[in-house]
Every structure is written in structure tokens, then in C-alpha cells.
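Hi,

Here is the structure I promised to pass on.

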Amino acid sequence: MCGIFGYITNKEEALGPILIAAAERLTYRGYDSVGAAALNNGTIDLRKDVGKVEQVAEKYSFTELRGQRGITQLRWATFGEPSQINAQPHLDSDGDMVGAHNGNVVNNIELREQFIAEGMTVRSQNDGETCVHAVERYINRGYEFIDAIRLAYGDLEGDYAFVIGRANDDKLYAFKKGSGMVVGLGEGFTCVSSDLPSILPLTREVIRPQDGEIVTLWADRVEVRSVKDGKLIDRKQETVTESMDAVQKGGYAHFMLKEIHEQSQVARELSHVLNGNREVDVLVGKMKNARHLYFIGCGTSYHAASVGAVYFAQLAGRAAIPVLAPQGIAQYAPAVSHADVGIFVSQSGETKDVLNALEAAEAHGMECFGLANVVGSTLTKSASLCLPLCCGYEISVPATKTFTNQVVTFLYLAFKMEGKDPSSPLDGHSLRSGQSIFEVIPELMEKTIEMVEPQIKAIAKDINEWNDLYCLGYGATYPIALEGALKLKEITYAHCEGMLSTEFKHGPLSAVSKGFPIIFVAGPNDVPLIISGINEVKVRGARTIVIAEEDPRLHANADDVIVLPKSDPQISALLGVLPLQLLSYHMSVMRGFDPDFPRNLSKTLTVD
Ligand code: M6R
């Protein structure tokens with residue numbers, strides 16, 4: 001997830017060390033490139049490249065940057081590969097302005113084409129540059145700077161925060177639409193950043209602008225205006241009292257909990273990016289013409305691939321084969337050819353098992369595509385085309401938000417395979433009219449977390465003594481049960497087996513004893529089947545916990561019903577993973593473990 005930082009001081013000073021330190025404080029958000037610019041006596045000194053802060057800062061001597069105004073940015077690639085030209089900040093056509101953003105401008109491609117047609121110099125593919133030209137466009141048409149920003153804001157679709165400065169000026173400007181932004185007020189300086197951690201060591205006096213607000217920064221004061229009418233807004237200054245660690249975790253006790261709560265926001269951002277992404281149509285075209293489809297991954301990413309395969313069958317009538325990457329080498333690679341398409345799914349894009357499978361599939365001629373969170377990773381470079389998952393940095397070892405965005409991507413692709421426009425409103429749909437399904441999903445995710453968390457904590461306490469449990473599902477909820485079981489194993493160290501609910505009677509039933517916890521994840525159409533399963537184990541003493549939409553029949557049969565908001569079978573499965581993530585988290589914490597860093601595991605597995 002990118003990060004921006006702008007700084008303005010009342011005396012000309014060595015800006016470089018201030019910008020480097022701020023960039024270092026933003027690194028926890030994840031990044032692949034770094035840049036810094038100083039605005040000094042009518043000139044702009046811009047230095048940037050791909051790499052770590054310390055390497056790029058040293059190579060380009062950031063410490064030499066001087067002046068009264070500076071901007072630094074850490075980039076997490078979404079539009080345009082990680083490269084020096086795509087790194088931020090960016091200049092306008094004549095080098096009179098410099099700006100940087102975090103977030104995504106989803107009409108980036110269309111706007112770039114317009115700017116080129118209008119004669120502007122567009123140097124990169126990056127949407128941060130698009131923000132700069134969006135302002136430049138209205139300056140060229142004779143508007144005052146604030147009005148140019150207001151008009152640019154109207155043109156730039158998506159979620160982002162942006163900071164910009166002009167060479168011949170004494171101010172910086174920032175505006176916000178959807179992404180985080182905080183302003184700091186110190187002795188003889190002001191600053192603006194994507195988040196609090198980069199500001200706190202400088203000052204604890206802050207202002208939090210809201211979406212649709214423009215901030216003008218001088219060294220000794222700031223002004224907040226509404227983008228709508230340009231009028232001044234009275235945003236109150238506040239003093240931050242929390243510790244740095246608490247601030248980095250966004251007030252949550254662990255990164256995992258923060259990332260669980262971030263899921264709705266990243267799903268929202270992902271669907272914006274997918275709506276504006278022409279590569280989606282290229283990929284769908286390839287999949288429509290393919291003989292066989294393979295969805296390949298490991299661990300959590302394999303579970304997302306498995307949910308995707310169910311979606312493709314249920315919505316688009318297309319069979320897809322979910323494959324555990326190493327088994328793909330032994331079982332499927334010998335059988336594939338150029339007529340087949342594989343989608344390789346990975347948070348890190350560096351999992352060796354996945355890369356080995358890609359190499360084996362490619363050697364047999366298969367067309368290989370990817371879904372990855374870390375843009376610039378090996379998978380994004382090796383696959384013919386790779387869609388970004390847009391989750392930002394996932395710090396916690398257990399994958400949460402990357403799983404849900406993998407599933408959302410597969411749902412989006414399944415809609416496309418079905419010939420539907422995923423961005424169009426759901427007219428006449430039982431779920432909601434007037435909004436697209438991908439606008440409704442983030443709202444349902446938020447609602448689910450709100451509805452289930454207190455009950456989950458109580459259940460976690462009740463079943464915490466057990467070191468053996470099962471998680472069962474059917475259809476689209478089968479891989480969700482596998483994922484829930486993996487989360488439980490990974491961070492509670494209990495043995496939890498995920499299984500197709502109907503398989504339980506074929507053996508594991510003999511393990512059931514009094515109080516034995518069995519969790520069912522039930523789709524809205526599978527209630528009768530799940531009720532059979534519940535009773536089979538209940539009569540043998542099991543404690544039955546069901547995650548499902550409201551249904552009186554479930555209350556009559558199960559010990560606990562964790563109710564999900566009403567949706568449809570595909571979305572209900574996606575929502576079903578949220579209580580399982582929370583259950584794992586709370587059990588892990590109750591056991592005294594650190595869910596962010598479970599023993600024996602690492603976030604990225606680059607070994608065979
Ligand atoms: O980076 P990847 O998605 O390729 O990683 C695959 C697995 O190692 C990963 O999903 C692992 O299972 C998670 N830590 C589970 O939470």
C-alpha cells in the first residue's frame with residue numbers, strides 16, 4: 001500500500017534526512033519503489049527509483065535535498081510495473097509541479113489518453129502522474145490553483161490521497177478521496193501524510209481531513225476547504241496520545257485483527273480497480289476459449305482457487321480444476337497443452353511451490369496467468385498477465401484480506417464468464433437494486449463482522465479447551481471450511497480438520513465424543529443437508545456450531561447459530577470465512593499466542 005508524506009518548514013534546511021526518516025516510517029505499509037522531491041527557489045529536485053528506502057536514498061543522495069518544501073512517496077505497484085519511471089513523485093509536463101498519491105485512480109487509462117491528446121507530456125503508466133496532469137489540465141485552462149484541484153478531483157475516480165506543490169509558490173496542497181490522510185502541525189513546520197505513524201515522531205498535534213476536502217499547507221498554518229464549493233471548513237486540531245505501536249496497528253491489538261477489519265475496504269478498492277482494468281477482458285477472453293481451466297495455489301490461496309472453481313461452475317457453467325501447486329506438477333502438467341489456461345494464485349507471488357508449478361505448466365505450453373498481491377513479485381513477472389489483489393501490505397502471517405480479495409476476484413471473473421457486467425446495478429435482484437453486487441459485498445462484510453464478533457468471542461471461550469475440532473462445508477462453503485480449519489491450525493496450534501460435510505460419516509464420525517466441537521458452514525440452499533449432518537454428530541455428543549444465514553430450522557437443530565446477513569449462495573460463502581477468521585484470532589489470543597507471528601511459519605515460503 002503506497003504512502004505519501006509532504007513537509008513544509010519556515011526555514012530553508014536539509015530536507016533530505018527529514019524525508020528519508022518519514023519514508024522509513026511508512027515502510028511498514030509495504031512498497032517496491034521510493035522517491036523524494038525538494039521544491040527550492042523555483043526549482044524541483046526529484047530523485048526516485050525501485051528499491052529499499054536505504055538503498056535508493058543512498059544511491060541518489062537524498063540527504064543532499066534542500067529547501068523549504070519536500071514530498072516523499074513509497075510506491076506499492078498497481079498501475080504500471082515497478083520501475084524508475086513509474087516510481088513517484090511525478091512532474092507535470094514542464095516540470096513546474098510535483099505530486100504523489102497513494103491509492104488507485106481507476107480511470108487512469110482513459111485520463112492518460114485524454115492528457116496525451118491534449119498535448120501533455122505523460123511519462124509513465126502510473127496513476128500518481130495522472131493526478132498531477134489532472135491538476136495541470138485546469139491550470140492550462142487558466143484556473144486558480146485551488147479551483148484546478150477542485151475540478152481535477154471531479155475527474156479522478158477511485159480512492160486516493162494526493163499531495164502536490166508548485167515550484168514558484170510557498171505552499172503545498174493535499175486532497176483526499178477514500179484513502180487515509182492526516183495533517184501534522186509542529187513548531188515552524190506542517191506536514192501531511194497517509195497515516196499517523198509517519199507524523200508522530202514530529203508532532204502529536206494533528207488534523208484529520210475528510211473525503212472531499214482540500215488542505216493548503218504553509219509552514220505555520222493550514223487551511224481546509226470543501227472540494228464542492230471551495231469554502232473554508234473548520235476542522236478541529238487534536239492531540240494524539242496513543243503509543244506508536246498502537247497507532248501502527250490502527251488501534252487494534254494485532255495486525256491480524258486490523259487486517260480482518262480492513263477486508264471490506266480492500267474489497268471495495270479491488271472492485272474499482274477491476275472495473276477499470278482492460279486486462280480483465282483479455283483474461284476472460286482467454287479463459288472462454290480454453291479447453292481446460294486450472295486454478296493453482298498453495299495454502300490459503302489454494303482455498304481461494306477452490307472457491308473460484310465452484311463459482312465458475314455455478315455461475316458460468318464452466319468447469320475449472322483447483323490444483324495444489326506441487327501436485328499440479330505430478331498430476332496435471334503432463335496432461336496440459338497450449339489449449340489450456342492456468343491461473344496461479346498467490347499473495348506473495350514468491351511461493352516456490354507455485355513458481356515451480358508455473359514453470360512445469362509453461363514447459364508443456366499452457367498459458368499462465370496470475371492473481372497476486374505483491375506487484376513486482378516473481379509471479380507478476382513470470383505470468384503472461386497478472387491481476388493485482390490490491391490489499392496493500394499484509395503483515396500478519398495468517399492470510400485474511402488477501403484471501404477475501406482472491407475470492408472476490410474469482411467472483412468477478414465468474415460474472416464476466418457468465419457474460420454479465422459486474423459493475424452494473426442489480427436491478428430486480430433479491431439482494432439489492434440500484435447498486436452493483438461488488439458495491440454490496442463490502443457493506444455485507446462490514447455488517448457480518450459487526451453482527452458476529454461478540455458471539456464469536458463467547459464461543460471461542462467455550463471451545464478453547466479443545467485441541468481437536470472439525471470444520472465442515474458443502475459446495476462453495478467446502479473450501480471455506482478448509483480455510484477456516486487452516487486458520488485455526490495455523491494460529492491456535494490445535495488440530496482442526498476441514499472436510500466436506502457429507503464425508504464425515506465415512507470415518508471421522510468415530511472420533512466424536514461429548515462436547516466435541518464441530519463447526520458447519522452452510523450455504524442458504526444447503527440447510528436440509530447440513531441439518532442431517534448436525535444430527536448425525538449431535539446424537540453422539542458433539543457441540544454443533546453453524547455459520548449460516550438466518551433459518552429457524554438451524555436454530556432448532558444446532559447448539560449455536562452464527563447468523564450471516566442475507567445474500568446469495570456465492571456471497572454467503574465469502575461472508576462465512578469472516579467468523580472463522582475471528583474465531584481463530586480470539587482462540588489464539590486466549591491461548592496466549594501471537595496470531596501475527598505463529599511459531600514455525602513465515603509469511604513467504606521460498607523453499608521447496
Ligand atoms: O503467498 P502465497 O499466497 O502463495 O502463500 C501460500 C501459503 O503459504 C499461504 O497462503 C499460507 O497458507 C497462509 N499463511 C495461510 O494463512
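The largest pocket comes to about 1,000 Å³. (A pocket is an open set of points on a 1 Å grid over the protein atoms alone, where a 1.4 Å probe fits, with protein on both sides within 12 Å along at least five of seven lines; lining residues have an atom within 4 Å of a point. Volume is the space filled by probe spheres set on the points, which are joined across faces, edges and corners.)

Before going on: this is a predicted model, where local features need pLDDT of at least 70 and side-chain atom pairs pLDDT 80 or more, while totals for chains, interfaces and linings use all residues. Numbering runs from 1 along each chain as its sequence is written, and side-chain values use heavy atoms, leaving out hydrogens and water.

Back to the pocket: 43 residues line it, with Arg 29, Gly 180, Ser 194, Lys 258 and Glu 262 nearest its centre. Domain 1 (3–248) and domain 2 (252–423) each give at least three residues to that lining; the bounds come from an automatic or database domain assignment.

There's also an open sheet of 5 strands, ordered E17-E16-E18-E19-E20 with parallel pairing. (Strands are DSSP runs of E, at least two residues, numbered from the N terminus; two pair if DSSP finds at least two bridges between them.) E17 (321–324) and E20 (385–388) are the edge strands with a single partner each, so one side of each has no neighbour in the sheet. E19 (residues 367–372) runs parallel to E20, joined by 4 bridges, and Leu 371 has Leu 387 in E20 as its bridge partner.

Cheers
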